[in-house]
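Grab the sequence and the coordinates and work through these exercises. Try each one before you read on.

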Amino acid sequence: MNTRSLSLPAARKQAWRLRLPLGLLLPAVLLALAEVLVRAGAVPANLLPAPSQVLQTIAWLASHGLAGHVVSSTVRVLVGFAAGAALGVLLGAMVALSVRTEALLDPTLQALRAIPSLAWVPLLLLWFGIDETPKLVLIAIGAFFPMYMGAVAGIGGVDRKLVEVGRLYRLTRLAMVTRVLLPAALPSLMTGLRNGLGLAWMFMVAAELIAASRGLGYLLSDGRETSRADIVLAAIVLLAILGKASDAGMRALERRWLDWRDSFEGQRR
Amino acid sequence: MTAALELSVFDKRHGERAVLRDVHLALQPGEIVSLVGASGCGKSTLLAIAAGLDTSYRGRVLQDGVAVTGPVDGIGLIFQEPRLFPWLTAAQNIGFGGEADPERIAALLEEVGLAGRGNALPHQLSGGQAQRVALARGLYLQPRVLLLDEPFSAVDALTRRQLQEVLLKLARERAATVLLVTHDLDEALFLSDRIVLLDGAASSFDAPRGRGAAASASIKEAILERLQPVQAC
């Protein structure tokens, strides 16, 4: 009789080798198509500039204050994200740890969560003017809710059996939080952090589109007002790169902090 | 002589259902007692009460004559599952309950047959190895009373015998008093000075550890006979 065995590791390795070229295939084809169509005049260049034109614009911007725009957007995201995420973990932990706090806070927070993000903008402008403050607050709101949800789900879902071990060793309330609950909730907290960071970038653009004199969002609206589709696309490309880079950084952190996990994800990498 | 551990549970309920009623059990210092009984008889509940984890019952627990109202260092508990913290190494798990003393942790690791594996994370250990770490953690604070809840039920027969011998040796060396819940009569006969059958109340059988196969067999017979009519307890 003929026995065949499936060699899984080899198949996995092969899939991994193909992953990068496969992922790049579609963007490369689309970019090449756009380049060809624009050059042939099939698409008007003022609406869709050729990819090479966008690259040239980015190079030109680089010597005309692009770094300043990138830095001010990034700083806004980091400050707003840090504030929103910190508050999210704090309130999430409070809600997860006490039924009374949950009854008090959770309904209100869930109602606030249902408000579309852009609905805050007029109110924030009224309250805080067109300074930095409304932008930072809006970004913080964006980062807050994913973090809050992650903290509530993570801490609330910690295995009762591990908590019992903590009780057996008479951990204080604080030690129970820092030594058992937070580490056990870390996977969920990291997911909250990643989602929060993604939303922080999104809300940053919303804030800057409306009132700003610096930043990538400003570049977007400036490009629209001066009918420069190449500037708009350049800003979009930069936003994509920054968002992807910060998420990759977060993933690297996640892999490092969560290497103790015995999970499907862990075996896949 | 004051009992090392004295349990008196008059009434323990889960909701409406009475789990334990009028159970009295006293362990002499250094005594190894197995607790057997059909599943659902409240064996694990009784251990949780003895460990101070469960305090919603009518009755009392005395260690050396002193009331136990919550977890104490002098009473250790080893669960049915290893319950290791997955983000801590084996060594960190063992030292979890107190100040980390690398020498004592290394010595315990060696005693449970895991010398040099202190840096392994729980997911890198097999089920039997994880349970060894749990045993070491339970012994780390040198409790005078050690409670075990079917600790070896999930490991293979060979590992089980090894761990039973480790337990017996360490308990002897430390003159620890041991209360072991098990569903394995052979394990109970092998390990204990006395077997207690929990069937509503608690009735005792003197166990014949090292007293030969014939005596063991007759005690096993007697316990099984008692166990049958109360299966539905």
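**Exercise 1.** How many residues does the contact take from chain A and from chain B?

The contact takes twelve residues from chain A and 13 from chain B, two residues being in contact if their C-beta atoms, placed from the backbone, lie within 7 Å. On chain A's side, helix α7(A) (residues 160-168) brings the largest share, six residues. By type, that side splits into six nonpolar, six charged and no polar residues. Here Ala, Val, Leu, Ile, Met, Phe, Trp, Tyr, Cys and Pro count as nonpolar, Asp, Glu, Lys and Arg as charged, and the others, Gly among them, as polar.

A note on the model: it is predicted, so local features need pLDDT of at least 70 and side-chain atom pairs pLDDT 80 or more, while totals for chains, interfaces and linings use all residues. Residues are numbered from 1 along each chain as its sequence is written, and chains are lettered from A and ligands numbered from 1 in the order written.

**Exercise 2.** Work out which strands pair with β3(B).

Start with the elements: helices (H or I, at least four residues) and strands (E, at least two) are DSSP runs, numbered from the N terminus. Strands pair if DSSP finds at least two bridges between them. β3(B) (residues 32-36) pairs in the parallel sense with β8(B) (177-181) over four bridges, and likewise in parallel with β9(B) (194-199), over four bridges. Now zoom in on Ser34(B): opposite it in β8(B) stands Leu180(B), and its bridge partner in β9(B) is Ile195(B).
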